[in-house]
Amino acid sequence: MPTDQLDSKGDKMHAIEKILARAAGQDLVSTGQIVNCRVDLAEVNDLYPQAIFSFYEMGAKKVHSPDSLTFIFDHYAPASSIHQAENHKLMRSFCHDQGIKLLFDVDCGVCHQVMVDHGLVFPGMILIATDSHTTTHGAFGAFGTGVGATDLAVIMATGHLWLKVPQIIQINLSGRLSPGVYAKDIILHIIGELGADYAIYKAVEFAGPVVDKWSVSERMALCNMTTEMGAKTAYIQPDKVTIDFLSKKINKSFDIIETDMDFKYAEELFFDISRIGPQLGIPHSVDNVRPLAQLVGTKIHQAFLGSCTGGRAEDIAVAARILEGKHISPDIRFVVAPASKQVFLDALRHGDVEKLVAAGASFVTPGCAACLGTHQGILAAGEVCIASTNRNFPGRMGHVKSSIYLGSPASVAAAALAGQIIDPSEIIK
Amino acid sequence: MKTIIQGRAFVFGDNLDTDQIYPGKYLELSDTRDIKKHALEGADPDFIKKFKPGDIIAGGSNFGCGSSREHATIALKGLGSGAVLAESFARIFYRNAINLGVLLLVCPGIRKSVSQGDIVKINIEISRVYNQITGEELEIQPLSDYVLDILRMGGIKPLVKRQLQEMESR
Ligand code: SF4
């Protein structure tokens, strides 16, 4: 058969398709096909006691693969109500009864960071979590996607989950980053251009010279935010940056799966990022994006640095550079939640925590904290917050009449300093 | 599984996120009877006072975007929603709903063709939606066989239960 015919039938496979095929025990998969995949790691966070209820309602008794399951307490860490404490208690005893050793209690941090810190994430794996931002792990070439409690219960009972093979969009980034501009600004810009529903059911791959140069932390921020354009999963082809990072975390071997040459993407998009300045997602949707320059002078009441998007050691370091030897505006609060215990320890060792506390920051327990609006930095009616998080829906951080501006960690720290939105590039020289 | 559904429409816009369908501050609740009291509270605080079992929810694109919280679909199931019609659904919300046996139907054009309070009739077998007030007729995207199997069983829990029993008895 002539090869061009093979091409037109789409025999060339993307790494994501190969990952799904392998997990389903098949040689080939094609777009739109439903495949039943073996799950390498399933994660349940503390919002989801429902996963345990559903597990027993299905008549299951024993978890299929206790070593492929982890429970992480992050959204309510530590518990601030009786309901939350009861949820934790139920999950602790479930882990105990089922022989689940990977229980990360209230001292550990946000699930996505904790799994990476503990070497549980590797290229080519299928990682399913009860959290929408599981796309984050595309930064490592893993297939990560979020599900609800009942899907997770299906995995607990059977070790498998059905997945539809998604269409794949490639986003190429080229050009030179301007000073004070980070992955968060770029992804906000992209979401603003494409819209919150652009990639529903689809996978988004990032490629190009800008991505190649970015650290793991920046790549995680990029992949994390694809959830806000509806993506099912994200992907960055593992390279030296990935391998160097993972080789310090993981002591087992992993293989790198590559996309076939001439694979046909559903779409290829190109962004020249040279002229993009700092960006903000403005109230009340993530795709409502404006250049920060247009919003300079907007008064804030709170700045929040944290979350699985913008709460890593690099993010805290940027804030420390901006605020070192200075003090935040007396009119505002600056809440910092390191994404994990490991992040907190790294920031402590670098001296960044000391600089920020001296500058007026309130550090809270590593975890989701104010990101979800359940504790540790809730907003009152009419208040405005700038946050390094990923969502600004009405009421996300507290009162439905509060407002959230989403920006990079640098933009958050700069606003904390000034008490209003200002351009961070004017401060970071 | 019912194939003809008729009810009053409650209409919402594009990108109706899960914080509006089920505000984060109630996530610690785990009893369906408590959860359903807060359905759509973030979008309309009086929603549950007006909604009757069998009524229909109509939305725009990306309905249910945002978090993976199953509470959003548990709340709609608890209220007894007849069906949710939208231009498109966010994927986790879609999976959660089907898993619990809540009927979601993709219906291009619905946002413009239905107003608050209109009576809407859905015929699943022929994939049609009728606005009984304006006489307008729309097509719905047919459900995939896999999704239909789950819905016919009343959700994925009974389906997996049967699979587990079959495995045990083998
Ligand atoms: S930090 Fe925020 S976005 Fe990330 S898992 Fe927690 S609540 Fe969700």
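**Exercise 1.** Identify the residue in β3(A) that is the bridge partner of A:N45.

*Solution.* The model is predicted: local features need pLDDT of at least 70, side-chain atom pairs count only at pLDDT 80 or more, and totals for chains, interfaces and linings use all residues. Residues are numbered from 1 along each chain as its sequence is written, and chains are lettered from A in the order in which they are written.
Step 1. Locate the strands, which are DSSP runs (E, at least two residues) numbered from the N terminus: β2 of chain A covers residues 41-45 and β3 of chain A covers residues 69-72.
Step 2. These strands run parallel and are joined by four bridges; pairing requires that DSSP find at least two bridges between two strands.
Step 3. The partner of A:N45 is A:I72.

**Exercise 2.** State the strand order of the open sheet of five strands in chain A.

*Solution.* Step 1. The order is β4-β3-β2-β5-β6, with parallel pairing.
Step 2. β4 (102-104) and β6 (143-146) of chain A are the edge strands, each pairing on one side only.

**Exercise 3.** Describe the lining of the largest cavity by residue class.

*Solution.* Step 1. A cavity is a set of points, on a 1 Å grid over the protein atoms alone, where a 1.4 Å probe fits but cannot get out; lining residues have an atom within 4 Å of a point.
Step 2. Of the 21 lining residues, A:H75, A:D131, A:H133, A:C368 and A:R396 are the closest to the centre.
Step 3. The lining comprises eight nonpolar, nine polar and four charged residues; Asp, Glu, Lys and Arg count as charged, Ala, Val, Leu, Ile, Met, Phe, Trp, Tyr, Cys and Pro as nonpolar, and the others, Gly among them, as polar.

Terms used:
Side-chain values use heavy atoms; hydrogens and water are left out. On a 1 Å grid over the protein atoms alone, a cavity is a set of points where a 1.4 Å probe fits but cannot get out, and a pocket is an open set with protein on both sides within 12 Å along at least five of seven lines; lining residues have an atom within 4 Å of a point.
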